[in-house]
Amino acid sequence: MKRFALLLLMMLLVTSFTAQAENTNSFDLSFTERELSGSWDSAAAVTIVGTGASCTITGRGAKLENGRLILSREGVYHLSGEFSGIQILISAGEKDKVQLVLDQADVACSDGPALLAESADKVFLTIPENTVSTLTDGAARAEAAAESAPDGAIFSRTDLCINGQGALTVTGQYKHGIVSKDDLVIAGVALTVNAPSTALDGKDCVMLNGVSAALTAGTNGIRADNTDDPARGYVYLLDSTLTITAGGDGVQAETLLRADNTVMTVTTGDGSESQQTTANTLEPPGRGFGGFGGWGAWGDQSIEEAADDESWKGLKSAGSMVLNGGAFVIDSADDCLHANGDLTITDGCFTLSSGDDGIHADGHLLISGGDIRIIRSFEGLEASKLEITGGSIDIVASDDGLNAAGGADGSASADRWGRGRFSSMSGEIIISGGYIHINAAGDGIDSNNTILVSGGVTLVSGAANSANAAFDYDGEATVTGGILFAAGGSGMVQSFTAAENQGCMLFGINGSKAGVNIAIVNSENQVVAAYTPENSYSAVVVTAPGLQVGSTYAVVMDASIEGVDAHGFAADAAYTGGTSIGSIEMTTLLQGGSGHSMGGGPGGGGFGGGPGGSGRRPGR
């Protein structure tokens, strides 16, 4: 039976990884050789030298007419010098490929886009190595405002590729920075974009390869928003280094957001601190008990006044998200990472500070590797299905550390207490590997349905108050392996409902102190598991491979333990000193209760044996 359960678990894990990987198969994430090379044929190029409001043209296919430099045929156009009050207009055939080479060129248009590509098969904007060029549009538009009107400093109605090894600065004064109504591909360029709205906007896709970019945007840093084709509307970031400061979302994709080996520093809204008050100081609207949550007014705007469509997420996908390696430093007023579908993290270093959730997925959140530090959040990790198979995760949360619940979550910080909740009472948490540490002012681990622990190390320092629990679920909780050490309040704490291979103990403690280690010690005076909770606590749930039926274990506090890590964790370790506060005989694999609430404080003498009541806690 045990072998069958383990085989089933392995099959489920393989299926999970396969399903997540297939999320990217329908998208074209490839780059062509021409997109990556940034080369150009200087001998065949039309040469254009700007001298302010005029220019000198050598070659065929270009003309200056009424303040517009019109490029009308396929070919290479080499621009240098100053173009003041001039718009570059590409009006070529539908099968023509046009390459525009900016070589120490400064282009400024007073009443429209600096570069407007009205027609062509594809436009290449090449920035040669060791050159710096600029493009600036006007703050006003001559034509009447319309949905189809060009609204970027660079605006293309066809596929646009920006490549080369030089530096390009784009200043959008009217609305957007760079806009493509088809694909927007950028390779190799050192890019700076400033815009009052979106910095990079590609309707069908935005793809970056080897790009170094600094993006400052009034709304979104990067956006792909095709809602009509499930294989379009995606963002792909490869081997790039990006700094994004956005008034809205840092990156927004409609179908898929994928980043491979990319370094990102993202700030959205006014950062996480603008959306958070001191934890545990305010009660949420309509809640009758204190000491829960702590989210209050959002900057200068009250909860009721915030608009429904405002979003300040770091990385956001209306579909799925896949992050493979790199480094991410995100300080966001809303969720740092958010997917309306599935979200997968395979590797990478993450430092996340959120005014809402650290990482959120409406669907399946799968973490198989990486180093994730959530230093500020309302809830740390939240998903319908939350699965951790590897990696190192450190969470600080003002409410729940891990939360699993079914249904879609609006997850809009503008109304945290009404819109940040799931719509149904289902969800599952699966932990089969990794190292997880949680410091939560609410529930440490909270599933609206089931919890399965089969591996890894999970440490929880939950809230001390009776309204929360370090370990909490509504369905069933099963352990078959791994270590879990959860310390928190005693009023609503639960133990596992089923155990295989190893035991679990639930016990209460009087007079515990935050920052003092607690160890479970076997009859051979070896530490089975030890942990130093950061918050005071009155109940402890522990499971580890060393807990077996028929053995008696001492509970020792404030000992000197060999090999403890930064969180005071150690297993299979020697110790000296400390104070033994009691002993527990394992007469069953679920010592001290099976899924029960403690129902009140433990017994006297500083150490409580089992839970004080039976059955599910009231009101669940």
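Me: Asn501: buried, exposed or partly exposed?
Reply: Asn501 is partly exposed, at 34% relative accessible area. Buried means under 20% relative accessible area, exposed means over 50%, and partly exposed lies in between (1.4 Å probe, protein chains only). This is a predicted model, where local features need pLDDT of at least 70, side-chain atom pairs count only at pLDDT 80 or more, and totals for chains, interfaces and linings use all residues. Residues are numbered from 1 along each chain as its sequence is written, and side-chain values use heavy atoms, with hydrogens and water left out.

Me: Where does Asn501 lie?
Reply: In the loop between β39 (498-499) and β40 (503-509). Helices (H or I, at least four residues) and strands (E, at least two) are DSSP runs, numbered from the N terminus.

Me: What is its phi?
Reply: Positive, about 75°, although Asn501 is not a glycine.

Me: What about Asp239, which phi does that one have?
Reply: A positive phi of about 50°, and Asp239 is not a glycine either. Asp239 is found in the loop between β21 (234-238) and β22 (241-246). Its relative accessible area is 39%, so Asp239 counts as partly exposed.

Me: Next loop. Gly355: buried or exposed?
Reply: Buried, because its relative accessibility is 0%. Gly355 lies between β28 (343-354) and β29 (357-367).

Me: How far is Gly355 from Trp312?
Reply: 43 residues in sequence, and 9.2 Å in space, C-alpha to C-alpha.

Me: Zoom out. How many helices and strands in the chain?
Reply: Three helices and 49 strands. Of the 620 residues in the chain, 57% are buried.

Me: And how much accessible surface?
Reply: About 22,200 Å² for the chain, with 48% of that belonging to carbon and sulfur atoms. Accessible areas come from the Shrake-Rupley method with a 1.4 Å probe; for residues, only the protein chains shown count as cover.

Me: What share of the contacts links residues 24 or more positions apart?
Reply: 56% of the contacts with a separation of 6 or more. A contact means heavy atoms within 4.5 Å.

Me: Which residues have the most contacts inside the largest nonpolar core?
Reply: Leu337 and Leu381, in a core of 110 residues. A nonpolar core is a set of buried Ala, Val, Leu, Ile, Met, Phe, Trp, Tyr and Cys residues joined through side-chain atoms within 4.5 Å. Apart from that core lies another one, of 25 residues, including Leu459, Met505, Phe569 and Met586.

Me: What does Leu337 touch?
Reply: Among its partners are Leu315, Met321, Leu323, Ile330, Phe350 and His360, not counting residues up to four places away in sequence.

Me: Cys109 then, buried or exposed?
Reply: Buried, because its relative accessibility is 4%. Cys161 is at 0%, so it counts as buried too.

Me: Over to strands. How do β1 and β5 pair?
Reply: In the parallel sense, over seven bridges; β1 covers residues 46-52 and β5 covers 75-84. Two strands pair if DSSP finds at least two bridges between them. Gly50 stands opposite Gly81 in β5.

Me: How many bridges join β5 to β7?
Reply: Nine, running parallel, with β7 at residues 97-108. Tyr77 has Leu100 in β7 as its bridge partner.

Me: Now the four-strand sheet. What's the order?
Reply: β42-β41-β44-β47, an open sheet with antiparallel pairing. The edge strands, pairing on one side only, are β42 (527-531) and β47 (579-585). Neighbouring strands are turned by 20° against each other on average, direction ignored. Axes are lines fitted to C-alpha atoms, for helices over the stretch in contact, and angles run from 0 to 180 degrees between N-to-C directions.

Me: Which residues sit on the two faces of β41?
Reply: Ile518 and Ile520 on one side, Ala519 and Val521 on the other. They are all buried, and both faces are covered.

Me: Which residue does Ala519 stand opposite in β42?
Reply: Ala530. β41 and β42 pair antiparallel over four bridges. Their hairpin has five residues between the strands, and Asn525 takes a positive phi near 60° there.

Me: And in β44, which is the bridge partner of Ile518?
Reply: Met557. β41 and β44 pair antiparallel over four bridges.

Me: How many bridges between β44 and β47?
Reply: Six, antiparallel, with β44 at residues 552-557. Thr552 stands opposite Glu585 in β47.
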